[in-house]
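Open the model in your viewer and keep the selection panel at hand. The stops below run from whole chains to single residues.

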Amino acid sequence: MILLPVWASMLLGLLVGFLPLVGMEPTGGAKSGSDSTLNLDPLPSSSGSNCSSQLTLKLEFSSKVVEHEYIVGFTGYFSAKARNLYISSALRSGAETVEWHIVPRENPASDFPSDFELVHIRQPSPTSLKTLEDHPYIKRVTPQRKVFRVLKYVPSPEPTAPCNTTRGTQKWQSWQSSRPFRRTSLSLGSGFWHATGRHSSRRLLRAIPRHVAQILQADVLWQMGHTGSGVKVAVFDTGLSEKHPHFKNVKERTNWTNEKTLDDGLGHGTFVAGVIASMRECQGFAPDSELHIFRVFTNNQVSYTSWFLDAFNYAILKKIDVLNLSIGGPDFMDHPFVDKVWELTANRVIMVSAIGNDGPLYGTLNNPADQMDVIGVGGIDFEDNIARFSSRGMTTWELPGGYGRVKPDIVTYGSGVRGSGMKEGCRSLSGTSVASPVVAGAVTLLASTVLNRELVNPASMKQALIASARRLPGVNMFEQGHGKLDLIRAYQILNSYRPQASLSPSYIDLTECPYMWPYCSQPIYYGGMPTIVNVTILNGMGVTGRIVDKPIWQPYLPQNGDHIDVAVSYSPVLWPWAGYLAVSISVAKKAASWEGIAQGHVMVTVASPAENDSEVGGELTSTVKLPIKVKIVPTPPRSKRVLWDQYHNLRYPPGYFPRDNLRMKNDPLDWNGDHIHTNFRDMYQHLRSMGYFVEVLGAPITCFDASQYGTLLMVDSEEEYFPEEITKLRRDIDNGLSLIVFSDWYNTSVMRKVKFYDENTRQWWMPDTGGANIPALNDLISVWGMAFSDGLYEGDFTLADHDMYYASGCSIARFPDDGIVIAKNLKDQGLEVLKQETAVVEGVPVLGLYQTPSDGGGRIALYGDSNCIDDSHRQKDCFWLLDALLQYTSYSMTPPSLSHSHSRVTPPTGTDRSLPQRLEGNHLYRYSKVLEAHLGDPKPRPLPACPHLSWAKPQPVNETAPSNLWKHQKLLSVDLDKVALPNMRAYRPQVRPLSPGESGAWDIPGGIMPGRYNQEVGQTIPVFAFLGAMVVLSFFVVQLTKTKSKPKRRKPRIKRPTYLQQQQQTMGKNPTV
Amino acid sequence: MMVLRRLLRKRWVLGVVFGLSLIYFLTSTLKQEERTIRDRTLLEARDPDHRIPWKVRFNLGNSSRQITQCRNSIQGKALLTDELGYVCERKDLLINGCCNVNAPSTRQYICKSCLANGCCSIYEYCVSCCLQPDKQLLLERFLNRAADGFRNLFTAVEDHFELCLAKCRTSSQSVQHENTYRNPQAKYCYGESPPELLPV
């Protein structure tokens, strides 16, 4: 008889659609079912069990030193190989010989770069430890400690909050945390969640309530009466269902897709809207804001630029204040879209967008979040680590001539954040599309706190956010931007804000590691390519602005400022709200053999038309200083200097340049920029650790002094070559420059095969080159009797005891007789792609080394595949091979493992097979800097002039800068002390599961008013369900009175409801864009 | 427990359970259907035969009424158009949002950079040109046969000025292959036809 309620509840649940047996969808009324299952559940499930006995977890730990074992901490995150290398080189440089080995750490993390290594040293002496510490990449050496942790449950000494207040959260918490969430003071820096010193102390990571609005202390602003009222927020997403119980102020829903519905079929749009404005359960930031739902994505996640254009126009017409775009894509050359985003921000719409989910690879920023006028948001987890998925690296718009801007702007929680479920309830999701609405919600809330709304514009909001953001330690600016969102500080800044200009980044300290990576990873020297820092000017004074006169360079004489030359280029008009300021830094000739630190600043004055000025033609002006600090070293020898050819790398957008690894079918485009600071970052780090200085050539080959460099590195080049470049390179190599080419596949049949119909542009896409442009490369190297083939090979092999993977590479077709050629057995991938047949080809020449015959002539090394040094889709790296090739090209040391390899073959003459020809009718000329359309075949353009920098005339000042620029450089001239927060009692909004029938009379303290439901929550369904349940119930009662019960055969299936409940929780934790 | 198990196996019990579920299923589905239809009527389709009751008020060009505050086109890099059709440089904008009509470069109803098909290369001139009183007929004709995608937008337009602001913006009609303009030079159109398609 006791089991009756269980069955009744199960049936009730079934009737109201909780058990998805007959394909029912839970609707608004279903929550009552879940409530009753909860209450009737006889099992001591996790939910609610904590109420009866209050336990506190006490954690104690003690530690003791482990002998001979040391933790070697590095200045950055390096691969296991690099760490090993640093330690061995550090210990080798010491006077005494040390016996040591690395203690292997067998855990899944060992596959990833780490910033420490555990080393066992047999007889450690202070000097050997000292030599270790002296290595430039080693931060510290500490003895290994063994930590004993003891967990104790103790009864809570003080009464905690009554059960019902925490009921909503308990479901998702594994156990109640001992740490009180209440705070007593809101003084800056004291907030637990804001403590970012994650490396400073060891702490147990615990289950965390993922109520992101509370973690960011939105309740403080709620309590002051700010809840987002009067701010219009647009959510561009998958729509929202009409009767969602979480929203009270949905002003309008519009559909811009070709599907005839306004409802969300995916849950993405609902979640995003919930993070911004949900008023119950998983609370959003601004529950009183006016929600405008724009459905621009179909349930199949399809959307078109044209839908966006019309929807954006509508948003402008409706005078939207904040717009969240949890979408993004790589095509920053979609001009209609990019122009439209500019137009939106120019109309004072604050755009917040997700930076993308393509991390941890660099060069993966998504548009529109990578635009200067948009707030680009990256994701972190609740332990303040950059989320693995969060896109990062500089913007790639400026390549090859310039350098990328810093993005994302800020980061915030984007991993395991809880938000509204599709029909009701809460769910948790991860992705930057979660982080974006966190910021959008915060921005909405912030906007509603400002009395003079005229002051709120896309620039001032962004300035306030980045000036208040908290920097995460150990993370560079191309991953975290300005740091983690701090809502309360942003509130303080925004409320004492005066219109002004500011810079992002606000200072240039090329010595600051790791924040200013990659600048801090390589000092500058005389004769090197100028270091470019692309600074964004944010102008809060008006939608347009200009730079008055010219920026002024003021070197600090006491701090050797005269040892550097600075050239500045900038946007002629700062529109909308922003512009660039590109600072090129070079070492003056007089410092050619000098070593030290040089400092100075660039001063910029920005002017905007004053709109509220009675005088016509009045202007607002704002002057900002950009401090500069650089480390100068003497020019390294030629052999140490490697030049990376960026000019001849083309990528998507604009054209279809296919992936270098054909196995990666779901990522068909080569879009990461192919730069040493994007997807060749690991290679760059490796070369730096080997002591090479790597510079980037963003101009034609005719534009550099070859006598300065040991090796020119050309990797995966898609561009054509000017005839003048070909001539110049020949002359350079005769004069001692060496060349390394990492090529890739080029096969016209395969190129035709990998064409595809692009849903977004509704047209067929045919690649304009293969992985690399082999016909062009062959033109370049033909004078030495070399050529690549149009073969397409793939496979594993071993070379000089290293495992190698050849991922869609070509082979060497011709090579001079006296060269060294290595051949391997590989699979013919071309055959596989074209005919789905597998065949192994014996002796495919993959590697060639050649010493040019002229006196003092350079060396040439060719390898047929670039995938093993590229970070994207790399399976096995071959940095060792690059080392060996650089040893050969720079120092003329032929690696014996290659010259005496049993894979060495006689160089192919290649006369039997014709060389690959360019794909007939390709459109490379549309995207090429070299070719232009012509009647018949495209012809090379006239060679462009080499870029010329006009160095700013220095105006020396007798100033000194503080040693730490970051701490002293003000991001905004805002006096933070002015806006003191009242010392408020900490408070948490009560969160209760929704039960229909309950009127609006429940108490939500603070600013949240218990507003009307958005719509009447499913009135008829629960009634109907209840009646049905009553019928069944009465029937059972009748039956039970008739029949006697028998002993049960096996355990009842009462676990069922619990199981379902769990299933519902874990559903949909998939990252989305 | 056994009783219940046996009970559940009985066909008619299952029948009742199934029947109730079915009734619930049908009602919920029907409800949903009804809801989508309502939304659609709310925001999109209107009776096709019925003339759309456009709310647009056309202000006639003589502008005899006294305007103390002007709306203007806000976004311009260098130029602005106010609701009276004046185009001026940003520096010539008065505090009330109107263009200073006495400034030498200020012009009213100017169609500079506009082609015969009603497409201009500068947005502000497009708006100014569109505000010309004699464009009213053209605009009314356009409104009555506005494309589906446009419906949402143009039902929300309040008056002539808002209509011109919205009409001159680039839209779904301005692109081919989604990510390129049909005509990157003259892409702001007040007229009925989309920009002329330029060959790639």
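Buried here means under 20% relative accessible area, exposed means over 50%, and partly exposed covers what lies in between, with a 1.4 Å probe and protein chains only. Helices (H or I, at least four residues) and strands (E, at least two) are DSSP runs numbered from the N terminus. This is a predicted model, in which local features need pLDDT of at least 70 and side-chain atom pairs count only at pLDDT 80 or more, while totals for chains, interfaces and linings use all residues; side-chain values use heavy atoms, with hydrogens and water left out. Residues are numbered from 1 along each chain as its sequence is written, and chains are lettered from A and ligands numbered from 1 in the order in which they are written.

**Whole chains**

Colour by chain. Chain A has 25 helices and 38 strands, and 60% of its 1073 residues count as buried. Contact means heavy atoms within 4.5 Å. Among chain A contacts between residues at least 6 apart in sequence, 79% join residues at least 24 apart.

Chain B carries six helices and seven strands, in the sequence order α-α-β-β-β-β-α-α-α-α-β-β-β. Of its 200 residues, 52% are buried. For chain B, 49% of the contacts between residues at least 6 apart in sequence join residues at least 24 apart.

**Helix α15 of chain A**

Select residues 681-689 of chain A, which form α15(A); eight of the nine are buried. They are A:R681, A:M683, A:Y684, A:Q685, A:H686, A:L687, A:R688 and A:S689. Step just past the end of α15(A) to A:G691, where phi is positive, about 95°.

**Helix α10 of chain A**

Next select residues 335-346 of chain A. The expected span of a helix is 1.5 Å times one less than its number of residues. For the twelve residues of α10(A) that gives 16 Å, and the end C-alpha atoms are 16 Å apart, so the two agree.

Which elements pack against the buried residues of α10(A)? In chain A they are α9 (305-317), β8 (322-325), β9 (350-354) and α12 (458-468), and in chain B they are β5 (175-176) and β6 (180-181). Nine of the twelve residues of α10(A) are buried, so the helix is largely enclosed by the rest of the structure. Among them are A:F337, A:V341 and A:L344, along with A:K340 and A:E343. Just after α10(A), A:R348 also has a positive phi, of about 70°.

**Helices α8 and α11 of chain A**

Show residues 268-277 (α8) and 432-449 (α11) of chain A together. Axes are lines fitted to C-alpha atoms, for helices over the stretch in contact, and angles run from 0 to 180 degrees between N-to-C directions. The two helices pack at about 35°, with axes 7 Å apart. From α8(A), A:H268, A:F271, A:V272, A:V275 and A:I276 meet A:S433, A:V434, A:P437, A:V438, A:A440, A:G441 and A:T444 of α11(A).

**The sheet with β14**

Now select residues 501-504 of chain A, strand β14. In a regular strand the side chains alternate between the two faces of the sheet. On β14(A), A:A501 and A:L503 lie on one side and A:S502 and A:S504 on the other, and all are buried.

A:A501 has A:N539 as its bridge partner, and A:S504 stands opposite A:T536. Two strands pair if DSSP finds at least two bridges between them. The open sheet has four strands of chain A in the order β14-β16-β20-β19, with antiparallel pairing. Its edge strands are β14 and β19 (564-570), each pairing on one side only. Ignoring direction, neighbouring strands are turned by 25° against each other on average.

**Two loop residues**

Finish in the loop between β10 (375-380) and β11 (410-413) of chain A, at A:G404. Is A:G404 buried or exposed? A:G404 is buried, at 2% relative accessible area. Apart from neighbours within four places in sequence, A:G404 contacts A:M394, A:T395, A:E398, A:F478 and A:N534.

A:T396 also lies in the loop between β10 and β11 of chain A. With 7% relative accessibility, A:T396 counts as buried. Not counting residues up to four places away in sequence, A:T396 touches A:F332, A:R651, A:N672, A:G673 and A:T678.
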